[in-house]
Amino acid sequence: MTIRLYELVAADGRAFSPFVWRIKYALAHKGLGAETLPVGFTEIPKLCDGKYKTVPIIEDGGTTVCDSWAIADYLDKTYPEKPLFTSPQERAMARFFDGWFGLEVMNRIFGVCVLDIHDHARAEDQPYFRQSRESRLGGKTLEQFVEGRDARLPEVRHALRPMRAALASAPFLGGETPNYADYIALGGFIWTGAVCTVPVLAADDKLNDWLKRGFDLFGGLGNVPRYPLAA
Ligand SMILES: N[C@@H](CCC(=O)N[C@@H](CS)C(=O)NCC(=O)O)C(=O)O
C-alpha cells in the first residue's frame with residue numbers, strides 16, 4: 001500500500017509548504033515511498049470529507065492523518081524501522097527546535113516574503129491567500145507589510161545565530177547524521193527558495209554549507225529552489 005501525501009503547490013507546480021517538506025524528508029529518512037497529490041490552498045478544505053484545514057495530510061490505507069507532528073508520530077508508530085525520534089528526549093528537543101524556528105526564523109521570513117507567496121500561489125488561490133493573511137496582519141495590505149523588507153534581512157540573519165553555533169561543531173543539527181530538526185529547517189529554506197525573490201542569507205554565511213549537505217540528502221531531494229537563498 002503506497003502512502004499518499006497531499007502537498008501544497010504554487011502556480012509553477014512547485015511544492016512550497018515547509019510543513020509538507022519536513023514530511024517529505026521524514027518519508028525519505030524512513031525509506032518509505034509516497035505518491036504525492038498536488039493541491040492549492042482553496043482545495044484543502046475539500047479533501048477527506050472536509051475534516052482538515054491544512055496540509056500535510058497523508059492517507060495510508062484507510063487511515064488519514066493531518067498535521068506534521070501527528071504524521072511524524074504516526075510514521076514512527078506504524079513503521080518503527082529507521083525512527084525519526086530515537087528517544088522521547090530527542091523528540092522533545094525537535095519539538096523545541098520547531099517552536100524556536102517557527103517563531104524566530106519562519107515568522108521573520110514570512111514578513112519578508114508574504115507578497116511573494118501570494119504572487120506565486122495559483123491564480124485561483126490568490127484572493128483567499130490575500131484575504132486570510134491580511135486579516136492576520138492587523139489591517140495592513142500584503143504590499144504595506146513587505147515595504148522596506150530589505151532592511152529587515154539583517155534580522156533574519158541574526159535570528160539564525162543558534163543554528164550557526166550548532167553547525168560550527170557538527171555537519172547536521174542532529175550531529176553526525178541529520179535528524180528531524182534538520183528536516184524542519186530544510187523545509188523552511190525550501191519554502192523560502194520556492195517563492196522568496198530576495199536572498200535571505202549572505203553569500204559567506206556558513207549555513208550555506210549545511211544547506212548544500214541537506215539539499216543533497218536522499219538523492220538531492222531538496223535541490224529544487226527557484227530563487228537563490230544567498231547573495
Ligand atoms: N501545524 C501544522 C501547520 C500546517 C500549515 O500551516 N500548513 C499550511 C501550508 S504551509 C496550510 O495548509 N495552510 C492552509 C491555509 O492557509 O488555508 C502542521 O505542522 O502540519
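Predicted model: local features only at pLDDT ≥ 70, side-chain atom pairs only at ≥ 80, totals over all residues.
**Ground rules**

I number residues from 1 along each chain as its sequence is written. My helices (H or I, at least four residues) and strands (E, at least two) are DSSP runs, numbered from the N terminus.

**Entry 1: the sheet**

I looked up the strand order and found an open sheet of four strands, β2-β1-β3-β4, with mixed pairing; two strands are taken to pair if DSSP finds at least two bridges between them. I noted β2 (34-39) and β4 (63-66) as the edge strands, each of which pairs on one side only. Neighbouring strands of this sheet are turned by 20° against each other on average, with direction ignored.

I then followed the bridges of β3. Strand β1 (residues 3-8) runs antiparallel to β3 and is joined to it by three bridges, and here I found R4 opposite E59. On the β4 side, four bridges join strand β3 (residues 57-60) to β4, again antiparallel. Going along that pairing, I listed I58 opposite V65, E59 opposite T64, and D60 with T63 as its bridge partner.

In the loop between β2 and β3 I marked C48, whose phi is near 50°, a positive value in a residue other than glycine. P56 is found in the loop between β2 and β3 as well, and the peptide bond from V55 to P56 is cis, with omega near 10°.

For helix pairs I took axes as lines fitted to C-alpha atoms over the stretch in contact, with angles running from 0 to 180 degrees between N-to-C directions. Helix α3 (residues 88-120) packs against helix α4 (residues 126-136) at about 155°, with the axes 8 Å apart. These two helices are therefore roughly antiparallel, the label for angles over 145, where under 35 degrees is roughly parallel, 65 to 115 roughly perpendicular and the rest oblique. I recorded the crossing of α3 and α4 as right-handed, meaning that the near helix is turned clockwise from the far one by less than a right angle, anticlockwise being left-handed.

For contacts I required C-beta atoms, placed from the backbone, to lie within 7 Å. V114, I117 and H118 in α3 meet Q126, F129, R130 and R133 in α4. By class, this contact has three nonpolar, two polar and two charged residues; I counted Ala, Val, Leu, Ile, Met, Phe, Trp, Tyr, Cys and Pro as nonpolar, Asp, Glu, Lys and Arg as charged, and the others, Gly among them, as polar.

The axes of α3 and helix α8 (residues 180-195) come within 9 Å and cross at roughly 10°, which makes α3 roughly parallel to α8. The residues of α3 that meet α8 include A94, F97, F101, I109 and I117, and those on the α8 side include Y180, I184, G188 and V195. I have this contact down as 13 nonpolar, three polar and two charged residues.

**Entry 2: α1 with α8**

The axes of α1 and α8 come within 8 Å and cross at roughly 135°, and the two helices are therefore oblique to each other. Their crossing is right-handed. P18, F19, W21, R22, Y25 and A26 in α1 meet a set of α8 residues, among them Y180, I184, G188 and W191. The contact divides into eleven nonpolar residues, two polar and one charged.

**Entry 3: the ligand shell**

Which residues come nearest to the ligand? Of the 13 residues around the ligand, these are S17, F19, T54, D67 and S68, where a residue is near if its C-beta atom, placed from the backbone, lies within 6 Å of the molecule. The elements giving two or more residues to the shell are α1 (18-29) and α2 (68-78). I noted the shell as eight nonpolar residues, four polar and one charged.

Definitions and conventions. Contact = placed C-beta atoms within 7 Å.
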